[in-house]
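Here are my notes on the model, as numbered points. Please read them with the structure open.

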2 protein chains.
Amino acid sequence: MATQAAFAVRFPQLARPGRGHGQGQPARVGVAVRGGRAAARGVRCRAGGLIEPDGGRLVELVAPEEGGRRAALRREAAALPHRVRLGRVDTEWLHVLSEGWASPLRGFMRETEFLQALHFNAVRGADGTLVNMSVPIVLALDDAQRRAIQADGATAVALVDAHDRPVAVLSDIEIYKHNKEERIARTWGTTARGLPYVEEAITNAGDWLIGGDLEVIEPIKYNDGLDQYRLSPSQLREEFARRNADAVFAFQLRNPVHNGHALLMTDTRRRLLEMGYKNPVLLLHPLGGFTKADDVPLSVRMKQHEKVLEEGVLNPESTVVAIFPSPMHYAGPTEVQWHAKARINAGANFYIVGRDPAGMGHPTEKRDLYDADHGKKVLSMAPGLERLNILPFKVAAYDTKHNKMNFFDPSRKEDFLFISGTKMRSLAKNRESPPDGFMCPGGWKVLVEYYDSLAPPEGSSKLREAVAA
Amino acid sequence: MATQAAFAVRFPQLARPGRGHGQGQPARVGVAVRGGRAAARGVRCRAGGLIEPDGGRLVELVAPEEGGRRAALRREAAALPHRVRLGRVDTEWLHVLSEGWASPLRGFMRETEFLQALHFNAVRGADGTLVNMSVPIVLALDDAQRRAIQADGATAVALVDAHDRPVAVLSDIEIYKHNKEERIARTWGTTARGLPYVEEAITNAGDWLIGGDLEVIEPIKYNDGLDQYRLSPSQLREEFARRNADAVFAFQLRNPVHNGHALLMTDTRRRLLEMGYKNPVLLLHPLGGFTKADDVPLSVRMKQHEKVLEEGVLNPESTVVAIFPSPMHYAGPTEVQWHAKARINAGANFYIVGRDPAGMGHPTEKRDLYDADHGKKVLSMAPGLERLNILPFKVAAYDTKHNKMNFFDPSRKEDFLFISGTKMRSLAKNRESPPDGFMCPGGWKVLVEYYDSLAPPEGSSKLREAVAA
């Protein structure tokens, strides 16, 4: 059977060394050799127990390897007179679309999808049901390109990479206005200057958007040594099925994993077992696309996550580590819906949501951009996410009485120390140690080494500690 | 039976004089004496053929006249230690809520409703279904009030008018943050200064919102000579039933009616008859709440609408003229959903939508704030409005070949003259006549007289013509 094609996705079952000090050989977590994806194209996941993708089936848009379609599509693309060059973020969205994270979308949004995303955070499928879709997945075009394409009456364009090599064809195209102000206001709830995604991907983008049906020539690769972590929703579903998961709980993050996160994930598994699930599997799913400049880079985070599994802070047998290829919007309650929805498509039926998900400081005012509770509230009410179980985050903090991360106990709040991401980064930058038990030593070392590599030349003063407002 | 209580709603069946020049006695259109509303409280409309209100029943929040509830509520309100004073726009929303235009809302929004309105333009009812709700209906509170209420642990507040007289009680209250920037950005798709509703009702409002269950002491009256036009959804439903309407088509407007509007409404009725309806009734439903300074005031518009019926431009037998008590947001595609949704609650199952509904010029840029087609598109896709039939507006313009308003025919576009609202106001201001057949003479006279009453003293130059960008 097609779905039994040889997926060489393997997660070595690491031995679980003693907590915190494992010195075993470097772990290979989530190593996956891509291949045979065409075999799974359009086929329902064989894991009957997993949640269905939005729209009933995964929409995969990479041309099948066999049958000569890739070569034919490459020729088609090369022959198209109009080419749209993809920037970094565009390519990340192409990747997202090609693997079905945004199912049932079949390409960059046309105007009806764009408007529904902006106004309703949901789009209506062919059968009339609403699926969640809170961030616009769009491709911009400048005015000269628009005029040239429309003058020709072209119905398809080639999408090309930075070296002008075709990577996909967008057909049955529709070109419509890119009202940036309205897009930004409705997505972020602010138009203040300094929103990282806006500066990276909107401010200098064209004033038109082009939507259409996407067909991608071959799987997107980054050749950065991390492609083995980039499992598609279909590959993740295969992996969950292979492990006989009867519940999959997803944890989105874009920061190093500390023991508070680990406690939360471990505790979630415990709760799911109590609820009667036999084998809940954690999808530890760091975001791999665009992040703001002061976030820890993906390669460092992946190295840190490896240590966390290697040192036994999380149990590799019930954990799948993979990269979520989406870029980051930092759009709080709007974006957390996207983070959750995409994980449904990858087979997750539980989603852990914390304080201020996808939030950040207001770019121009001394306050957080979003109310810390809005993400959780909006997520729990979002249209199209009714099938997903939302697991609100319990707050963990450093328990100075027990010298470990622990769930915050308001009855003895004086015992707890909150260590923010900003504080954590500042400690690592300054080569200071966090309290014992805050993070596994190997993971912390990865961070310190990263900040060392950025360190200013000898003699310059210590980095000043940035404290969150 | 309760629903057969004597509603003294009467629309005199005007004779239909010759088109445009009827000189009969002044028409009394839509005269309704309010009373007996309590009888209809919470009762499903007896008109089996009318569309159901959102949530299945009209939520009416005025205390019943009989049984002493009004007096008791007045005493309750007087005894409450905390009073929130209602501004003009607040009172308009109180009116809207009290009559069930926003059914199934039972009062000013609590935070979950507010967040759903902002993010999804829809709120989930008790049974899990989505009802449309695109604009926040909220009541602001300043910080001192919030602190006082919360210090007391109060669970209810009295809502009072400008003279400190209690008009309602808000109970089981919830106080939450009023993030104005986010509210504005998500509602208008811009945060540019100069949005009329924002300046009127948000900029100087408090930084907190208070939601809760509303009970209003008695029906809201304005004592401006127009209360007889202010029919509640329940009264409108009674009227449609009385007329044996088998389809109700609503036309929202905030401008004088010209013959292009009339053509459209007449043509809509013709189309509905062709579709097999036996007695389609038009709800001509001018907005009566807050409008921006350069819009024609309500009293003048009502006088103009009277003339339109009196002079037979619209058929009084199949037309109900009433005032929609909502304030105007000028929030384009977001607001048009509210305009449509509220009319479902009044019994309309067809809604006419035109070019750029609820739109205006961008307050700081030389362009329209919204794409002219977005309103129609967003409305047709909006969650919770699936039951409503959207009738897109055909564009009417002045046909110079036939000297009348006609549907625009692109094959002879040179024959057509577009007369914008701005142009119309400027002609009336300058006492110039529009082309013959643009508006019935009586209606035009009302406008000229209005602008005369505003005219600068003798000797000053003509008003300059403002031309829309």
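1. B:Asp409 and B:Arg412 form a salt bridge, with the closest N and O atoms 3.6 Å apart. The model is predicted, so treat that distance as a computed value. The two partners sit in different burial classes because the line for buried is drawn at under 20% relative accessible area. B:Asp409 has 26% and is partly exposed. B:Arg412 has 18% and counts as buried.

2. Chain A has a network built from such pairs. A:Asp399, A:Lys401, A:Asp409, A:Arg412 and A:Asp415 are linked in it by salt bridges. Over all chains, a search of the whole structure finds 74 salt bridges.

3. Which parts of chain B does the pair B:Arg254 and B:Asp295 tie together? The side chains meet in a salt bridge at 2.9 Å, N to O. B:Arg254 lies in the loop between strand 10 (247-253) and helix 8 (259-274) of chain B, and B:Asp295 lies in the loop between strand 11 (280-286) and helix 9 (298-310), so the bridge ties together parts that are 41 residues apart in sequence. B:Arg254 is buried, at 14% relative accessible area. B:Asp295 is buried as well, at 3%.

4. Compare a pair in chain A. A:Lys292 and A:Asp294 meet through their side chains in a salt bridge of 3.1 Å, N to O. A:Lys292 counts as buried at 15% relative accessibility. A:Asp294, at 43%, counts as partly exposed.

5. Now the interface. Chain A gives 37 residues to the contact, and chain B gives 37 residues. The area buried between the two chains is about 3,100 Å², and carbon and sulfur atoms give 49% of that. On the chain A side, A:Phe120, A:Arg186 and A:Met381 lose the most area to chain B. Together these three account for 22% of what that side buries.

6. Four elements of chain A give two or more residues to the side that touches chain B: helix 4 (111-120), helix 6 (180-188), helix 11 (332-345) and helix 12 (374-381). The residues on that side divide into 13 nonpolar, 13 polar and eleven charged.

7. Is helix 4 of chain A mostly covered or mostly open? Mostly covered: eight of its ten residues are buried. Among the buried ones are A:Glu111, A:Phe114, A:Gln116 and A:His119. A:Phe120 is buried too, and A:Phe120 is also one of the residues that lose the most area to chain B. Just after the helix, A:Asn121 takes a positive phi of about 55°.

8. A:Thr129 sits in the loop between strand 4 (122-124) and strand 5 (130-132) of chain A. At 42% relative accessibility, A:Thr129 counts as partly exposed. The side chain of A:Thr129 makes a polar contact with the side chain of A:Asp127, at 2.8 Å. Not counting residues up to four places away in sequence, A:Thr129 touches A:Val123 and A:Arg124. The C-alpha atoms of A:Thr129 and A:Gly384 are separated by 8.1 Å, although the two residues are 255 apart along the chain.

9. What does A:His258 contact beyond its sequence neighbours? Leaving aside residues within four places, the partners are A:Met405, A:Met424, A:Phe438 and A:Met439. A:His258 lies in the loop between strand 10 (247-253) and helix 9 (259-274) of chain A. A:His258 is buried, with a relative accessible area of 12%.

10. Last, chain A as a whole. The chain has 14 helices and 17 strands. Buried residues make up 59% of its 469 residues. Of the contacts between residues at least 6 apart in sequence, 75% join residues at least 24 apart. An unreviewed UniProt entry annotates residues 51-218 of chain A as "domain: ATP-sulfurylase PUA-like". That span is 35% helix and 22% strand, and its end C-alpha atoms lie 27 Å apart.

Terms used. Residues are numbered from 1 along each chain as its sequence is written. Chains are lettered from A and ligands numbered from 1 in the order in which they are written. This is a predicted model: local features need pLDDT of at least 70, side-chain atom pairs count only at pLDDT 80 or more; totals for chains, interfaces and linings use all residues. Side-chain values use heavy atoms; hydrogens and water are left out. UniProt positions are given in the numbering used here, feature names are shortened, and annotations may be inferred rather than shown by experiment. Contact means heavy atoms within 4.5 Å. Buried area is the accessible area (1.4 Å probe) that two parts lose on being put together, summed over both. Ala, Val, Leu, Ile, Met, Phe, Trp, Tyr, Cys and Pro count as nonpolar, Asp, Glu, Lys and Arg as charged, and the others, Gly among them, as polar. Buried means under 20% relative accessible area, exposed over 50%, partly exposed in between (1.4 Å probe, protein chains only). A salt bridge is a side-chain nitrogen of Lys or Arg within 4 Å of a carboxyl oxygen of Asp or Glu. A polar contact is a pair of N or O atoms within 3.5 Å; within protein, one must be able to donate a hydrogen and the other to accept it, and residues adjacent in sequence count only if both atoms are side-chain atoms.
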